[in-house]
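Here is a set of questions and answers that hold the values for one protein against the definitions behind them. Please look at the sequence and the model before reading on.

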Amino acid sequence: MWLRASTFFSMALLSQLTLSQPLNFPGDMLSAGQQHASTKIAMTDRYSGGSYIHDATVADIETLDRGITDARGKGYGFVTELTYMMGISSDLNLGVRYGYLYEKSESEIGSADGDNIEGDWINEGGTELSLLGNMRINHIAIWENEIQLPICDGSSSVCKTRLAAPENSQQGGRSGGQAQGFFAVKSGIAANWKTEMDTHWLGSAYASAALSDKVNGEKVSAPITLGASFGAVMPLQLHHQLVGTLSLDYMLGYSAYSTQVQTKVDYSKQSRVSFELEYLWDVMNQVQVRPFAELAIAQRPSETFTLNGQRSRLEYTGGTQVTLGAQLSASF
């Protein structure tokens, strides 16, 4: 009896997976009643060099008493995300995303004037909860929307965010939250299409913005980001594909709480260009394993702040970021 019941359930599940439509590429949509769940794990290692200017009030770069010295920033991070999408209709998909982040930053300043802003910092906790909504534009393109809810500010008990300052630091190690508790909106267009020569292309463009808020009692502004990507799908064999994507992101200047300086910092404009290679393997029907690797060149923003009554600045050169990860997804 149990064997017959389990066999029937397995056949029904496999039949449902076979009929389901996966979310393989940007621009894909679920049909009415279809569902998609995925979990993503990624590890990132980053490095950048630069300079620390102890006295940033003087414009003349040749002034030696400004205390200009070498600075370096490096670190690594681990993030895991859970995403769930449901097809309300073939023209409307809704979903939710939530994750957890562990990030360690190591900062070095080549002089005795580090002002307790060098050392190791750990930022750990839940990410913001995001509501997702995709709407079809035509047979190749969709309109993607994301609303980020500010549930993970510095005082949140839901995300259990913590920030640890170095032992020799005189600062209290206050928590700034994962995303500073901002309410943010992201919107863009994504598409994938095949040409008459059977080549398969991908493309997307987006803009995101957040409302300004107070962090640790200080008024800060939220970043505005623009981005675009273009890629191609390369079939290898049955159930195996390779995807290459080139992306460019540009963020305008803003002010926010800094985990390193432990106060409000004015960030300059920043940009990032990256190339990602992803391997798609259909393990069974609509269950996929998708390992990926990404190499990025990132222009880390300069940071201007006032510490102990002195206006100072950290200026960084372009740095590298390497990310390795994998995603497991299923449509049912």
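Q: In which loop is H239 found?
A: H239 is found in the loop between strand 12 (225–237) and strand 13, where strands (E, at least two residues) and helices (H or I, at least four residues) are DSSP runs numbered from the N terminus. This is a predicted model, in which local features need pLDDT of at least 70 and side-chain atom pairs count only at pLDDT 80 or more, while totals for chains, interfaces and linings use all residues. Residues are numbered from 1 along each chain as its sequence is written, and side-chain values use heavy atoms, with hydrogens and water left out.

Q: Why is H239 called partly exposed?
A: Buried means under 20% relative accessible area, exposed means over 50%, and partly exposed lies in between (1.4 Å probe, protein chains only). H239 has 42% relative accessibility, and therefore counts as partly exposed.

Q: What is the phi of H239, and what is that of D198?
A: Phi of H239 is near 70 degrees, a positive value in a residue other than glycine, and D198, which is not a glycine either, has a positive phi of about 70 degrees. Most residues other than glycine have a negative phi.

Q: Why does D198 count as exposed?
A: D198, in the loop between strand 8 (184–194) and strand 9 (200–210), has a relative accessibility of 56% and so counts as exposed.

Q: What makes S130 a buried residue?
A: S130 lies in strand 5 (residues 129–136), and its relative accessibility is 4%, so S130 counts as buried. Apart from neighbours within four places in sequence, S130 is in contact (heavy atoms within 4.5 Å) with G95, V96, R97, E146, I147 and Q148.

Q: Which side chain makes a polar contact with the side chain of S130?
A: The partner is the side chain of E146, at 2.9 Å. A polar contact is a pair of N or O atoms within 3.5 Å; within protein, one must be able to donate a hydrogen and the other to accept it, and residues adjacent in sequence count only if both atoms are side-chain atoms.

Q: Which residues make the nonpolar surface patch?
A: The patch, of about 600 Å², is made by M234, L246, L248, V273, F275, L277 and I297. Strand 13 (240–251) and strand 16 (270–284) are the elements that give two or more residues to it, and strand 16 gives the most, with three residues.

Q: Why is L248 called partly exposed?
A: L248, which is found in strand 13, has a relative accessible area of 48%, and is therefore partly exposed.

Q: How do you know how confident the predictor is?
A: The guide is pLDDT, the predictor's confidence in each residue, from 0 to 100. The protein averages a pLDDT of 80, and 77% of the residues score at least 70. Over residues 1–20, however, the pLDDT is below 50, and this stretch has 15 contacts in the model beyond near neighbours in sequence. Over residues 163–179 pLDDT also stays under 50, and the model has 54 contacts for them beyond four places in sequence. Where pLDDT is low, the predicted coordinates should not be read in detail.

Methods
Patches are made of residues with over 30% relative accessible area and no salt bridge: like charges are joined within 9 Å, nonpolar side chains (Val, Leu, Ile, Met, Phe, Trp, Tyr) within 5 Å. Accessible areas come from the Shrake-Rupley method with a 1.4 Å probe; for residues, only the protein chains shown count as cover. A salt bridge is a side-chain nitrogen of Lys or Arg within 4 Å of a carboxyl oxygen of Asp or Glu.
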